[in-house]
Amino acid sequence: MVYLDTNSLVRFFTNDDELKAKKVAQLFKTERNISISEAVFPEIEYVLTDVYQATRKEIISAFQFIVTLSNIKLSKTSGKAI
């Protein structure tokens, strides 16, 4: 299972680091089990709004994209704490 965090998803949606954005896009296409903590959604909203001046519509579109992928599992936690 692959765990995606706020940073990787922001890179994907903004494409501000093309290499990282492509890696995340590739994961969406090839990885069967991707987990995203529900906690990243407010973090993504904050970063996209305050840093990238994204509109509400753009943020909703990004969230809809995430939750409609069949290989994405939303979790209440971000994985095992060590």
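In helix 1, the buried residues are T6, S8, L9, V10 and R11. Buried here means under 20% relative accessible area, exposed means over 50%, and partly exposed lies in between (1.4 Å probe, protein chains only). Helices (H or I, at least four residues) and strands (E, at least two) are DSSP runs, numbered from the N terminus. The cover over the buried residues of helix 1 includes strand 1, helix 2, strand 2, helix 3 and helix 4. The model is predicted: local features need pLDDT of at least 70, side-chain atom pairs count only at pLDDT 80 or more, and totals for chains, interfaces and linings use all residues. Residues are numbered from 1 along each chain as its sequence is written, and side-chain values use heavy atoms, with hydrogens and water left out.

Two packed helices are described by the angle between their axes and the distance between the axes. Helix 1 (residues 6-14) and helix 2 (residues 18-30) have axes that come within 8 Å and cross at roughly 100°. Axes are lines fitted to C-alpha atoms, for helices over the stretch in contact, and angles run from 0 to 180 degrees between N-to-C directions. The two helices, helix 1 and helix 2, are therefore roughly perpendicular to each other. Angles under 35 degrees count as roughly parallel, over 145 as roughly antiparallel, 65 to 115 as roughly perpendicular and the rest as oblique. Helix 1 makes the contact through S8, L9, R11 and F12, and helix 2 through K20, A21, V24, A25 and F28. Contact means heavy atoms within 4.5 Å. Six residues of this contact are nonpolar, one is polar and two are charged. In this division Ala, Val, Leu, Ile, Met, Phe, Trp, Tyr, Cys and Pro count as nonpolar, Asp, Glu, Lys and Arg as charged, and the others, Gly among them, as polar.

Helix 1 is followed by N15, with a positive phi near 55°. N15 is not a glycine. Its place is the loop between helix 1 and helix 2. With a relative accessible area of 44%, N15 is partly exposed. Most residues other than glycine have a negative phi. Q53 also has a positive phi, near 50°, and is a residue other than glycine. Q53 is in the loop between helix 3 and helix 4. Its relative accessibility is 58%, so Q53 counts as exposed.

The largest nonpolar core has 17 residues. Such a core is a set of buried Ala, Val, Leu, Ile, Met, Phe, Trp, Tyr and Cys residues joined through side-chain atoms within 4.5 Å. L4, L9, F28, I36, I44 and I66 touch the most other members of the core. At least two residues each come from strand 1 (2-4), helix 1, helix 2, strand 2 (34-37), helix 3 (40-50) and helix 4 (56-68). Helix 3 gives the most to this core, with four residues.

I36 lies in strand 2. It counts as buried, at 0% relative accessibility. Not counting residues up to four places away in sequence, I36 touches L4, L9, F41, I66, I72, K73, L74 and S75. I36 and I66 are 30 residues apart along the chain, and their C-alpha atoms are separated by 9.0 Å.

N33 is in the loop between helix 2 and strand 2. At 43% relative accessibility, N33 counts as partly exposed. Beyond residues up to four places away in sequence, N33 touches M1, V2 and N71. M1 belongs to the segment before strand 1. At 53% relative accessibility, M1 counts as exposed. Leaving aside neighbours within four places in sequence, M1 is in contact with N33 and S35. The C-alpha atoms of M1 and S35, 34 residues apart along the chain, are separated by 7.0 Å.

Overall, the protein has four helices and three strands. Along the sequence they follow the pattern β-α-α-β-α-α-β. The radius of gyration is 12 Å, close to the 12 Å that the globule rule gives for 82 residues, so the protein is as compact as a globular protein of that length. The radius is taken over C-alpha atoms, and the rule is 2.2 Å times the number of residues to the power 0.38. The C-alpha trace spans about 30 × 25 × 25 Å along its principal axes. Of the 82 residues, 32% count as buried. Among contacts with a separation of 6 or more, 72% are between residues 24 or more positions apart.
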